[in-house]
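Student: I would like to go through this structure with you step by step, asking about one topic at a time.

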Amino acid sequence: MDLVALLAIQVVYAIASLALMSVGLAIIFGMMKVINLAHGEFLMLGGYAAIEANRFGLSIWVAMLIVAPIVVGAIGIIVERTVIRWLYGRMIDTMLATWGLSLFLVGLTTAIFGNTTVGLSAPLGSFEIGEYRTSTYTLFVIGVAIVVLGGVLAVLRFTKLGLIARGTMQNANMAAALGVNPNRVYSITFGVGAALTGLAGAVIAPVSGIFPTIGAAYVAKCFITVIGGGASIVMGTTAASTLFGAVNQIATYVTTPVFGEVALLAAAIVLIRALPQGITGRFFRGSL
Amino acid sequence: MSARALNGLGLALIAVVGLAVLVLVPWLFDLDVVLNVTVYMIMAVLALSLALVWGFGGILCFGQSAFFGLGAYTYAIAMVNIGESTAPLILAILVPAAFAALLGYFIFYGRISDVYLGVITLTVTLILFNSINSTAGPEFHIGSAKLGGFNGIPGIPSLNVPFFKDWQIDLEGMFYLSTASLILCYFGLRALLASRFGRTIVGIRENEQRAQLLGYDPRIYKLATFTIGAALAGYAGCLFANWGNFVSPTIFGLAQSAQIIIWVIVGGRGTLIGPIIGCVGIQWLTAALGANAPSGAAGWQALLGNVPLILGAILVAFVLLVPKGLVPTIGGLEALLIRPRAGASR
Amino acid sequence: MNIDRRQFLGTAAAVAGASALGGPTFAADPIKVGSLHDLSGGLDIYGKPMVDVFTFAIEEANAAGGLLGRPLQLINYDTQSSMQLYTQFAQQAALKDKVAVVHGGITSASREVIRPVLDKFKTLYFYNTQYEGGVCDRNQFDTGVTPAQTVEKLVPYAMKKWGKKVYVVAADYNYGQITSQWVKKYATENGGEILSIEYFPLDVTNFSSTISKIQAAKPDFVWSALVGGAHISFYRQWAAAGMNKSIPMASTTFGVGNEQIVLSPEEANGMLVCYNYFEGVKNPANTAFLEKFHKRFGADYPNVTELAMGTYQGFNLWAEGVKKAESIDRLKVIEALETGISIDAPSGKVTIDPPTHHCILDVHIAEAKDRKFVLLEDFSQQKPTDTAAVCDLKKNPNDNQQYVIKF
């Protein structure tokens with residue numbers, strides 16, 4: 001019984017962390033049709049931003065929840081202004097550019113921080129479920145994921161900014177005619193996507209550790225989640241994460257991490273074959 | 001000059017360059033250059049396979065490395081078991097082709113297209129990578145070939161002249177074989193694309209609905225293109241397994257998949273010579289940067305040895321400055337120079 | 001003498017530099033020494049310290065007058081964690097640069113890729129990484145420790161300290177697979193029991209289900225043969241779940257990638273390890289080495305790792321062989337090394353074991369404490385008995401393979 005409770009927490013955690021890591025990519029891909037292969041590196045930069053801020057004496061919470069998204073969001077805006085903005089409507093070219101960017105960021109991070117970085121340890125200690133112990137930080141990550149996804153949904157749905165963003169993505173010319181500056185909207189959207197990714201990277205860092213090439217471990221999984229989710233940003237990411245995270249974690253527990261990974265990938269194939277437009281292409285249509 | 005004459009001139013030029021590489025490289029350079037050129041030629045065959053599938057067939061396949069890797073592993077496993085290379089070579093082409101035919105049936109008859117197709121092929125590649133990567137234990141073997149997991153299979157015997165087990169192909173022989181393969185693949189694909197089949201697949205790429213209304217079934221054409229591409233990639237994989245006498249799971253990895261796409265983008269989609277140039281150029285650049293790594297340097301000098309930093313910056317600059325890829329851009333310049341005169345003479 | 005412009009400029013600069021420092025001057029061609037290590041990509045955490053120390057070793061040798069009156073030149077290749085580049089660069093080092101020796105290769109995979117290439121092109125090869133043992137090849141020298149030298153010591157030590165039930169977590173490739181078999185062998189021989197062995201591919205970062213499985217199994221201690229940057233997260237998640245307070249851990253891979261620095265003291269303290277070299281080893285050679293090394297690479301240089309020291313010792317063994325052979329000719333150097341050459345290295349005395357081409361050296365058990373290792377017990381002059389059980393290059397000089405040692 002205790003074990004079941006523990007496993008349930010782990011499954012929810014797997015879902016939450018996958019959703020948290022993917023939502024930034026979902027915004028950038030879903031709204032702008034930019035395939036950001038440097039997504040893993042944005043996560044990595046979030047981790048480094050938090051570590052450095054923490055080393056300068058900021059509390060770990062400020063470093064993770066405030067500094068990391070601001071820093072990575074700023075980097076995102078710089079990237080959008082210098083590289084991505086020239087490539088709208090050329091999905092394939094953004095792929096090459098962001099692949100180059102991903103290599104560049106790995107190189108730059110290695111040059112600045114070296115390969116041996118003192119990481120962050122997970123705060124909050126651990127708690128007991130009967131005979132078992134697990135990390136309290138797990139619950140914190142789940143909480144952050146819920147807040148972030150809820151926040152994105154609320155902004156898109158209820159604020160003027162969300163309305164403008166959705167309008168611009170659907171028809172940039174029409175939005176421009178109505179007095180919106182599409183370039184600015186793109187910039188802000190990309191910046192927000194990057195900031196959320198930075199936040200996710202920082203929040204995950206104490207669990208997974210951080211080093212320059214860690215992005216490669218995440219980018220494919222996030223990408224598959226976003227595509228599997230389909231057109232709706234929040235609903236799609238949540239639905240796909242729930243499916244993939246649960247399949248992965250349960251298969252991992254029952255067999256080995258390799259089969260867990262393979263089960264996730266196989267689930268993705270079956271999903272896309274059954275629902276060629278992603279989950280929200282079929283269900284929850286028109287949701288956000 | 002008419003377009004047709006220009007085209008003929010281009011083909012002749014490429015044939016001359018190809019033959020020149022074939023004859024002159026071993027004659028002019030040391031063995032190390034010959035060996036490097038060999039692997040570039042092999043990878044260029046791989047680049048050609050994606051140039052066909054994506055550049056002409058319009059199928060964004062993120063998993064060309066799956067077929068490459070399958071070809072390499074099939075050859076390795078069959079060769080270790082059989083010891084004579086005729087059957088392994090044929091299997092290395094057939095197995096990836098059959099796999100692609102199955103996968104393609106699943107994809108095209110499931111009407112999966114666009115970015116979803118990219119994700120499916122990527123996912124299949126990652127499944128292969130994960131599965132092969134976890135076969136390090138002694139219990140994983142096919143016949144007498146141990147799969148070896150992360151370490152892969154080292155010491156694969158080289159190709160021999162078909163049916164003559166003792167006539168192994170030596171290092172220079174591999175160079176001639178690889179270069180000749182590339183030249184033949186290039187002209188073979190040119191012929192294929194000039195045929196009725198080739199024009200049909202380009203027509204489907206341009207407008208699938210129109211092709212369908214005209215009575216073509218896009219699914220079967222796409223499936224055929226996909227399968228031919230996989231067979232080519234498998235052949236390249238077989239050559240690669242021969243070049244280094246090893247295979248390891250990284251040939252299925254994300255980095256390898258992305259690299260093939262980059263060769264095609266850099267060289268230019270919708271051309272065949274472009275991806276060859278892109279492939280050789282990037283391979284050369286990667287090796288050249290790594291070969292001159294400064295050691296123990298500090299400050300900005302250390303940056304010169306930072307391969308990902310430099311390679312990444314070059315790729316980003318490339319997309320911004322040469323957006324169409326090398327060959328179409330150069331082609332555009334050439335057209336600017338030639339067109340006025342061509343117009344005058346008409 | 002036929003030298004091209006670049007070589008000439010390089011030599012001239014070296015001469016000018018050397019004379020400016022008042023050091024010896026060189027008239028002859030440099031001896032080229034090849035380095036094949038991953039300086040980028042996922043394995044750079046291991047490669048970077050190795051190349052730093054290698055650079056230092058070459059500079060040190062040059063300051064002392066070079067070898068055979070000739071300066072040494074390091075040809076440094078960054079293999080970028082790619083097997084294809086390992087092959088290409090090994091070919092280039094042997095055929096184009098015509099190096100006298102290649103030092104390098106980190107994973108067993110990369111070693112098995114370049115070993116046949118260097119055999120084929122008759123270039124001497126030193127593999128300086130601790131590994132699973134069993135390579136038998138006259139063209140190659142292996143200066144790292146193997147399981148019979150470390151696992152054999154650490155397993156009984158940990159069992160005596162903590163108890164008999166062991167849970168093994170290992171990297172899923174042949175190092176992890178073979179090492180965990182050794183752990184099993186030594187644990188059973190000492191009356192212990194292996195509860196389970198779990199393997200993880202190198203890119204796994206989520207260990208939560210394993211941690212619950214370990215809790216359910218209740219071992220006396222956990223043995224880790226995890227490798228690489230991603231696997232560091234196991235130790236983090238282990239500590240975050242509060243497990244490091246209740247179940248201790250021993251390892252022969254922890255620390256090789258500077259895990260004790262990356263992790264916080266709360267996460268890493270108490271981990272038992274066993275290696276040939278620690279910065280805390282006490283002898284005059286080590287004190288002198290550390291002083292000079294920190295002068296060159298800065299006082300804040302994180303740590304000289306086991307693999308870095310392996311590279312330093314590998315290079316100096318080779319240099320000793322060259323001096324004895326009075327030549328850089330491959331066969332002459334091999335024969336000189338096969339006389340059983342030893343050096344007084346920072347880790348203590350290191351001797352080539354002629355029949356196996358491995359090394360006889362000191363090993364130490366240590367405990368991680370506050371980002372450093374504290375030495376607990378020393379075992380002097382350990383022989384590579386695992387490889388010796390299957391490999392005798394004196395009897396079979398043409399043997400050329402990696403044996404998987406059967407128990």
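Tutor: We can begin with β4(C) and β6(C), which run parallel and are joined by three bridges; helices (H or I, at least four residues) and strands (E, at least two) are DSSP runs, numbered from the N terminus. This is a predicted model, in which local features need pLDDT of at least 70 and side-chain atom pairs count only at pLDDT 80 or more, while totals for chains, interfaces and linings use all residues. Residues are numbered from 1 along each chain as its sequence is written, and chains are lettered from A and ligands numbered from 1 in the order in which they are written.

Student: In β6(C), which residue is the bridge partner of Y127(C)?

Tutor: The strands β4(C) and β6(C) run parallel, and strands are said to pair if DSSP finds at least two bridges between them. Within β6(C), the residue that bridges to Y127(C) is D142(C).

Student: Which strands are at the edges of the open sheet in chain C?

Tutor: The open sheet has five strands with parallel pairing, in the order β2-β1-β3-β4-β6 (chain C). Neighbouring strands of this sheet are turned by 20° against each other on average, direction ignored, where axes are lines fitted to C-alpha atoms, for helices over the stretch in contact, and angles run from 0 to 180 degrees between N-to-C directions. An edge strand pairs on one side only, and here the edge strands are β2 and β6 (140-142) of chain C.

Student: Is S81(C) buried or exposed?

Tutor: S81(C) is found in the loop between β2 (72-78) and α3 (83-95) of chain C, and its phi is near 55°, a positive value in a residue other than glycine. Most residues other than glycine have a negative phi. A residue is buried if 20 or more other C-beta atoms lie within 10 Å of its own, exposed if 12 or fewer, and partly exposed in between, with C-beta atoms placed from the backbone. Because S81(C) has 22 other C-beta atoms within 10 Å, S81(C) is buried.

Student: And K122(C), is that residue buried or exposed?

Tutor: K122(C) is found in the loop between α4 (108-120) and β4 (124-127) of chain C, and although K122(C) is not a glycine, its phi is positive, about 50°. Because K122(C) has 10 C-beta neighbours inside 10 Å, K122(C) counts as exposed.

Student: Which element of chain A gives the most residues to the side that touches chain B?

Tutor: The contact takes 33 residues from chain A and 32 residues from chain B, where two residues are in contact if their C-beta atoms, placed from the backbone, lie within 7 Å. The elements that give two or more residues to this side of chain A are α4 (91-113), α9 (216-229) and α11 (257-274) of chain A. With 15 residues, the element that gives the most is α4(A).

Student: Which element of chain B gives the most to the side that touches chain C?

Tutor: This contact takes 31 residues from chain B and 32 residues from chain C. On the side of chain B, at least two residues each come from α2 (31-56), α5 (114-133), α11 (273-291) and α13 (307-321) of chain B. With five residues, the element that gives the most is α2(B).

Student: Leaving aside its neighbours within four places in sequence, which residues is G244(B) in contact with?

Tutor: G244(B) is found in helix α9 of chain B and is buried, with 27 other C-beta atoms within 10 Å. The C-alpha atom of G244(B) is separated by 8.7 Å from that of V39(B), 205 residues apart along the chain. Apart from those neighbours in sequence, G244(B) is in contact with Q84(C), T87(C) and V113(C).

Student: How many of the residues of α10(A) are buried?

Tutor: Helix α10 (residues 233-254) of chain A has 22 residues, which at 1.5 Å a residue should span 32 Å, and its end C-alpha atoms are 31 Å apart, which agrees; the expected span is 1.5 Å times one less than the number of residues. The helix α10(A) is largely enclosed by the rest of the structure, because the number of its 22 residues that are buried is 16.
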